[in-house]
Structures are given as structure tokens and as C-alpha cells.
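Biologist: I would like to learn how to read a model like this one. Where do we begin?

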Amino acid sequence: KYTLQTSSDNCLYSSLQIKAYLKDDFPDKVNVGVGAYRCDQGMPFVLPVVREAENELVAEELDHEYSGIAGCPNFVDVALKFAYGD
């Protein structure tokens, strides 16, 4: 069994979401909101898919270079097309 611990000052976590989650009596409900998953002993639990993604990134041997102030041009182009259309 894993629980999700959230920060009390987390703006993204609306009171309506919390109330709906607490009201739900389904015994196997899962809180997938913002926070950290922890086991019953309070230790962090990293989802297996996250570990897999980490391994894929490490295998790419990236150089940790930062994008310039305007961001990554390819990403910005795709984001603008997504937001505003072609």
C-alpha cells in the first residue's frame, strides 16, 4: 500500500479535488495528484515507469547543456503550432 503526501501550500491541489477524493469510499482508490508516493514505512516509492525513463535518459549520455533564454527552438516551434495551429 502506498500513500501520497502533498504539501499544504500546493496551489495546484484544489480543495474540490481533495474533498472529492476524501468523499470517495472506493477501497482501492488511488490519489494521482501532486506529491510524493511513500510506502507504509514512509520511504519514497518511485514508479517503475519513472525509473525506466531515467534509465533511458542516462543511456543517452546527454551533455546537460541548458537552452538559451528563448528556449529550445524546435520545442518552441512545435509548442506554438500546438497552441495556435499551423
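**Reading the chain**

Modeller: Along the sequence, the chain runs in the pattern β-α-β-α-α. That comes to three helices and two strands. Keep in mind that this is a predicted model.

Biologist: Which parts of the chain have the lowest and the highest confidence?

Modeller: Confidence is lowest in strand β1 (residues 2-5), with a mean of 54, and highest in helix α3 (residues 73-84), at 95. The chain averages a pLDDT of 80, and 79% of the residues score at least 70.

Biologist: How do I check the length of a helix such as α3?

Modeller: Compare the expected span with the distance between the end C-alpha atoms. The 12 residues of α3, at 1.5 Å a residue, should span 16 Å, and the end C-alpha atoms are 16 Å apart, which agrees.

Biologist: Is α3 largely buried or in the open?

Modeller: Count the buried residues. Of the 12 residues in α3 the number buried is zero, so the helix lies largely in the open. Over the chain, buried residues make up 7% of the 86 residues. The accessible surface comes to about 8000 Å², and 59% of that surface belongs to carbon and sulfur atoms.

Biologist: What should I make of a positive phi?

Modeller: Most residues other than glycine have a negative phi. Here Glu61 has a positive phi, near 50 degrees, and is not a glycine. Glu61 sits in the loop between α2 (48-59) and α3.

Biologist: Is Glu61 buried or exposed?

Modeller: Glu61 is exposed, because its relative accessible area is 69% and the cut-off for exposed is over 50%.

Biologist: And where is Asn31 found?

Modeller: Asn31 is in the loop between α1 (15-23) and β2 (36-39). With a relative accessibility of 14%, Asn31 counts as buried, since buried means under 20%. Asn31 and Gln17 are 14 residues apart along the chain, and their C-alpha atoms are separated by 9.9 Å.

Biologist: What share of the contacts join residues at least 24 apart?

Modeller: Among contacts between residues at least 6 apart in sequence, the share is 56%.

Biologist: How do I read the aromatic rings?

Modeller: A pair of aromatic rings is described by the distance of the centres and the angle of the planes. In this structure there are zero aromatic pairs.

Biologist: Which residue lies over the face of Tyr21?

Modeller: Lys29 does, at 4.3 Å from the ring centre.

Methods
Residues are numbered from 1 along each chain as its sequence is written. This is a predicted model: local features need pLDDT of at least 70, side-chain atom pairs count only at pLDDT 80 or more; totals for chains, interfaces and linings use all residues. Side-chain values use heavy atoms; hydrogens and water are left out. Rings of Phe, Tyr and Trp (its six-membered ring) pair if their centres lie within 6.5 Å; planes under 30 degrees apart count as stacked, over 60 as edge-to-face and the rest as tilted. A charge sits over a ring if NZ of Lys or CZ of Arg is within 6 Å of the ring centre and within 35 degrees of the ring normal. Helices (H or I, at least four residues) and strands (E, at least two) are DSSP runs, numbered from the N terminus. Buried means under 20% relative accessible area, exposed over 50%, partly exposed in between (1.4 Å probe, protein chains only). Contact means heavy atoms within 4.5 Å. Accessible areas come from the Shrake-Rupley method with a 1.4 Å probe; for residues, only the protein chains shown count as cover. pLDDT is the predictor's confidence in each residue, from 0 to 100. The expected span of a helix is 1.5 Å times one less than its number of residues.
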